[in-house]
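Subject: Structure handover

Hello,

Here is the structure I promised to pass on. Please open it first, then read my notes below.

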Amino acid sequence: MKKLALFAIIVLIFGTMSPTLVNHAYGQNDPSILLRIAVQADKQIVNQLDKKYENKIPNNINILYDKGHTAVKSLDQSLSINDIEKAKQDFLLAMNSFMQISRIMSQSSEKVVVVTVSENSTQNLQSKLDRLEKFVKTLESISKKHNKIEQNRDEFTKAYSLIENIRNQINSGENTFENINDLKNLVNSIKKEIRNSIAEKQSNAIKNFFEKFLAQIDQKLIEAKDLDRNQIKIDKANELIVEIRELLSKNQINDAKKVYSELKIVLKDIGISVKIT
Amino acid sequence: MSLLIEPIQSKKSLGDEGILFVRNDSIFDTMVKVPLLVASMIIVAALLPIQSSFSSPRDLDLIIYPDGSTHVSTEIDVDPFLTDYEVNLFGNTIDNLVVIGDSGFLLDVDVIDDTALIQTFGSSVITIEYDIHDLVSKQGRLWTFSLDSPSDFTLLLPKNSAIVGMTNLPLNMEIINEQNQLTLSSGSTEIDYFFSISTISNTTEEIVNEEDNSSNIIIVGIIGGIIVIALVSVIIIAKNKQKNVKTIDEVVTIPKNNILDLETIFKLKPDLREDDKELIKFIFDNNGEALESELRKNFLQPRTTMWRAVKRLEREGVIEIEKKDLQNLVKLRKSMEEEN
């Protein structure tokens, strides 16, 4: 019995700790990726230095580059002898040196700008369009999930056709402002449409949730009464529950949610946690 | 007269004629305390993952667009007994925000600065998708991505971007459609990148070519070893399966197109989930195989959700997973065992 219990305890301890172990092991699956990233960074830095300084590289940058390049070589060696800890250190040293170089090189030119959507370069317009396309696809997948795709088919076709038009306009350097606005409006209307088309289903789900939830609150209020908690507040809570039930029966879900917010405050005053498990 | 109570363990053998007196305490020790201890350990072990899972993202995937804007997609476990859930967004310049509950419903959300209050109403998992413009800054030609992440995450960098500095060790790196995808650990991360003319695939090829012959020999040796081990395992598994074949009701092998048709698959596996069936349909229409990344793209699912689905189907024996160019190739199995 004792042996069995001991075995069970060991299994449980290992079971509890195993997710952490797996997580660490994951990073060490393929340490060669560190070398790939570092070599790629090294090459980029050399390219940038050649472009910017040709043969007149400032001394401070030269020192940093030597430090980084040596670390890349060391990383290669560390990996060949399977010294993972040393490889990690080498990688961080190399990437840190390259990071410093790239920042020194960039400092001289322009101020830091947090990227905003207002810029209208081709790159920005394309990114904007890509984001909108992703949004359309997300909505399409929601629509499919609720079998409403036929209902929204025309809107999605129109959206994809607009996306194609805008892409052509970007490529030919035309003004896309109007079409992008149309696309945004269309996407918003699709979102509303989906929301409306699944509203009934969603309302039923919320009602079911409230039913279970309110039943548990009823129970908690009975217990609170037995514990001689503030009777006025308990009565108020009961009134609000009745009101929520009435609103739910009339399908006024949003109003029910608002009353529920009031109920939460009253329950807190009584000392009932809203989180009922 | 003092009564000395000796522990049962230390008592000498009383022989056949002796009467065995057992202390109640010892019975309690062996019969009650240990099971109690085990039971409490089970409870602790069961509760720990639940406690840590609520309110923490189970999935976090980021995509950086060429203009520096970032698409965030996250899946969060929430307490199904709560009516709302507050989540901190990664900034306050948010676009295209969608929050989906676990029944696929669009959830109502109020955004105040960088906080979103989501009306979850019974959802146990919520998916949040939005675009954000706060995570990437630009200085000259240098782009810097900065994030203090609450969990491990994947980061897909734009095409033709080349990393020139980073503060964290990556957990993994993959190339998806000529784009670098890094898996990074939680905490503060900064990544500097430039846009280069040469594509990433070329760069990686060059890197691979640069590796000396000796390392190639080692790699070939390792791969050879793995193949030999895999072959031996396959033979052993095949032999075991041959032994088990009598106990299985039916093994269906359909030579036409080398893969089973959909009807047969669904007949053999009647308990498959609807979304899994959709996956199977997609793979079937794609000549019986598809990359996991293609599935993710088509079904707009985060990486781990799709991974779980693929693993589920592998467990069901519907598909098999192969590695192809560092990616998972999902293939419909040519034969399948009927569910009992």
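Where is the place of B:N177? B:N177 sits in the loop between strand 12 and strand 13 of chain B.

First, the ground rules. This is a predicted model, in which local features need pLDDT of at least 70, side-chain atom pairs count only at pLDDT 80 or more, and totals for chains, interfaces and linings use all residues. Residues are numbered from 1 along each chain as its sequence is written, while chains are lettered from A and ligands numbered from 1 in the order in which they are written. Helices (H or I, at least four residues) and strands (E, at least two) are DSSP runs, numbered from the N terminus.

**The hairpin in chain B**

Strand 12 (residues 170-176) and strand 13 (residues 179-184) of chain B run antiparallel, joined by 6 bridges. Two strands pair if DSSP finds at least two bridges between them. B:I176 has B:Q179 in strand 13 as its bridge partner. The two strands form a hairpin with 2 residues between them. B:N177 is in that turn. Its phi is near 45 degrees, a positive value in a residue other than glycine. Most residues other than glycine have a negative phi. B:N177 counts as exposed, because it has 11 C-beta neighbours inside 10 Å. The cut-offs: a residue is buried if 20 or more other C-beta atoms lie within 10 Å of its own, exposed if 12 or fewer, and partly exposed in between, with C-beta atoms placed from the backbone.

B:N160 is also worth a look. It is not a glycine, yet its phi is positive, about 65 degrees. B:N160 lies in the loop between strand 10 (153-156) and strand 11 (161-166) of chain B. With 17 other C-beta atoms within 10 Å, B:N160 is partly exposed.

**A sheet in chain B**

Now go further along chain B. Here 3 strands form an open sheet in the order 16-18-17, with antiparallel pairing. Strand 16 (289-291) and strand 17 (319-324) are the edge strands, each pairing on one side only. From one strand to the next, the twist averages 25 degrees. Strand 16 and strand 18 (residues 327-332) of chain B pair over 3 bridges. Within that pairing, B:A290 has B:V330 in strand 18 as its bridge partner.

Helix 7 (residues 303-316) of chain B lies across strand 17 and strand 18, at about 125 degrees to strand 17. Axes are lines fitted to C-alpha atoms, for helices over the stretch in contact, and angles run from 0 to 180 degrees between N-to-C directions. Two residues are in contact if their C-beta atoms, placed from the backbone, lie within 7 Å.

**Chain A**

Chain A has 10 helices and 1 strand. Along the sequence the pattern is α-α-α-α-β-α-α-α-α-α-α. Of its 277 residues, 27% are buried. Among contacts in chain A with a separation of 6 or more, 67% join residues 24 or more positions apart.

Start with helix 5 (residues 122-145) of chain A. Its 24 residues reach 34 Å from first C-alpha to last, close to the 34 Å expected at 1.5 Å a residue. The expected span is 1.5 Å times one less than the number of residues. After helix 5 comes A:N147, with a positive phi near 55 degrees.

Helix 5 and helix 6 (residues 149-171) of chain A pack at about 170 degrees, their axes 11 Å apart. That makes the two helices roughly antiparallel. Angles under 35 degrees count as roughly parallel, over 145 as roughly antiparallel, 65 to 115 as roughly perpendicular and the rest as oblique. Residues that meet include A:L125, A:L129 and A:V136 from helix 5, and A:F156, A:I163 and A:I170 from helix 6.

Next, helix 9 (residues 231-249) of chain A. Its buried residues are A:I234, A:A237, A:L240, A:I241, A:I244 and A:L248. They cover an arc of only 120 degrees around the axis, so they lie on the same side of helix 9. The arc is that of the directions from the helix axis to the C-beta atoms. These buried residues pack against helix 8 (199-226) and helix 10 (253-270) of chain A. On the other side, A:Q231, A:I232, A:V242 and A:S249 are exposed. Just after helix 9, A:N251 has a positive phi of about 70 degrees.

Best wishes
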